[in-house]
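Take a look at the structure first, and then walk through the points below.

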Amino acid sequence: MLEILFLLVAGLVGGALNSLAGGGSFIVFPALLLVGVPPVIANASNTFAALPGYASGAFGYWHAMGAHKHLLVLYGAIAAVFGYIGADLLLVVSDEQFGLVVPWLMAFAVLLFAFGTQLNGFVAARSGGGRGMALVGKGLLLAFLAGVCVYGGFFNAGLGILLLAFLATAGLTDIHAMNGLKLYVSSIVALVAVARFAFSGSIDWYHGSIALVGVVVGGYLAARNAHHIPTRWIRVAVVIYGVVMTGYFFWGAYV
């Protein structure tokens, strides 16, 4: 019973964070590990738990994406192919190997979360709006997106920040459209990854479903009350928590 309550609360907090500031995977993924789910399966189950939030968010931003709907097929195809590749890569890694990689992935994701705003501003300032496409070339941009989707299929945390950086590089400036496209691509990456994980039996449906319920409820409640909550302090708390958990994983893996 305590395990169920723990995962439900972790899901509630993670879902609320995803709605308010991002970073829900920093809560849900470690929670799955702490209840005894093996690292690779915990990562796959975390992606499963995050999927409904991505999909519902993309649906909510659908109208904001109106001017960019010509990109949906191309971006969706890249997300499906390379998200699947990332998920497939995860499945050839042993729990021991993944346990050694997790601290580095967590550290990377925490840095992305902490400095994502500055990263996106830096990229946007140098992409020159529509000139960014001509500057770096469409092929390089799509390669950037492909690499981000491989990362997302392999490890979910930090995917949104990387996608926003890609969209800024591609010349988008409307934050609502960018958030919509971010969630759309994240949904497809998560969907194909979950399908691959499910086919290989790599999802802990029991523990993952408990977290999923919490994520959905927490995301909804936070969205309804977002105007009452100071997002800046939430982001600071998430970074501190992420640093502590990263240190914990480094200690467990290398000490």
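Does α2 pass α3 in a left-handed or a right-handed crossing? The crossing is right-handed. Please keep in mind that this is a predicted model.

**How α2 and α3 pack**

- Two packed helices are described by the angle between their axes and the distance between those axes.
- For helix α2 (residues 25-34) and helix α3 (residues 39-60), the axes come within 9 Å and cross at roughly 140°.
- The two helices are therefore oblique to each other.
- On the α2 side, the contact is made by Ser25, Val28, Phe29, Leu32 and Leu33.
- Their partners in α3 are Pro39, Ala42, Asn43, Ser45 and Asn46.
- Sorted by type, the residues of this contact comprise six nonpolar, four polar and no charged ones.
- An α-helix has 3.6 residues a turn, so residues three or four places apart point the same way.

- Helix α2 is mostly covered, with nine of its ten residues buried.
- The buried set consists of Ser25, Phe26, Ile27, Val28, Phe29, Pro30, Ala31, Leu32 and Leu33.
- After α2 comes glycine 36, which has a positive phi, near 100°.

**Serine 187 in α9**

- Where does serine 187 sit? Its place is in helix α9 (residues 175-199).
- Leaving aside residues up to four places away in sequence, serine 187 touches Leu51, Tyr54, Ala55 and Ala58.
- A polar atom of the serine 187 side chain lies 3.1 Å from the backbone oxygen of tyrosine 54.
- Serine 187 and alanine 79 are 108 residues apart along the chain, yet their C-alpha atoms are separated by 8.9 Å.

**Threonine 246 in α11**

- Threonine 246 belongs to helix α11 (residues 231-254).

Definitions and conventions. Residues numbered from 1 in each chain as written. Predicted model: local features only at pLDDT ≥ 70, side-chain atom pairs only at ≥ 80, totals over all residues. Heavy atoms only, no water. Axes fitted to C-alpha atoms, helices over the stretch in contact; angles between N-to-C directions. Helix = DSSP H or I, 4+ residues; strand = E, 2+ residues; numbered from the N terminus. Parallel < 35°, antiparallel > 145°, perpendicular 65-115°, else oblique. Left-handed = near helix turned anticlockwise from the far one by under 90°. Contact = heavy atoms within 4.5 Å. Nonpolar A, V, L, I, M, F, W, Y, C, P; charged D, E, K, R; others polar. Buried < 20%, exposed > 50% of the residue type's maximum accessible area, 1.4 Å probe, protein only. Polar contact = N/O pair within 3.5 Å; in protein donor to acceptor, adjacent residues only side chain to side chain.
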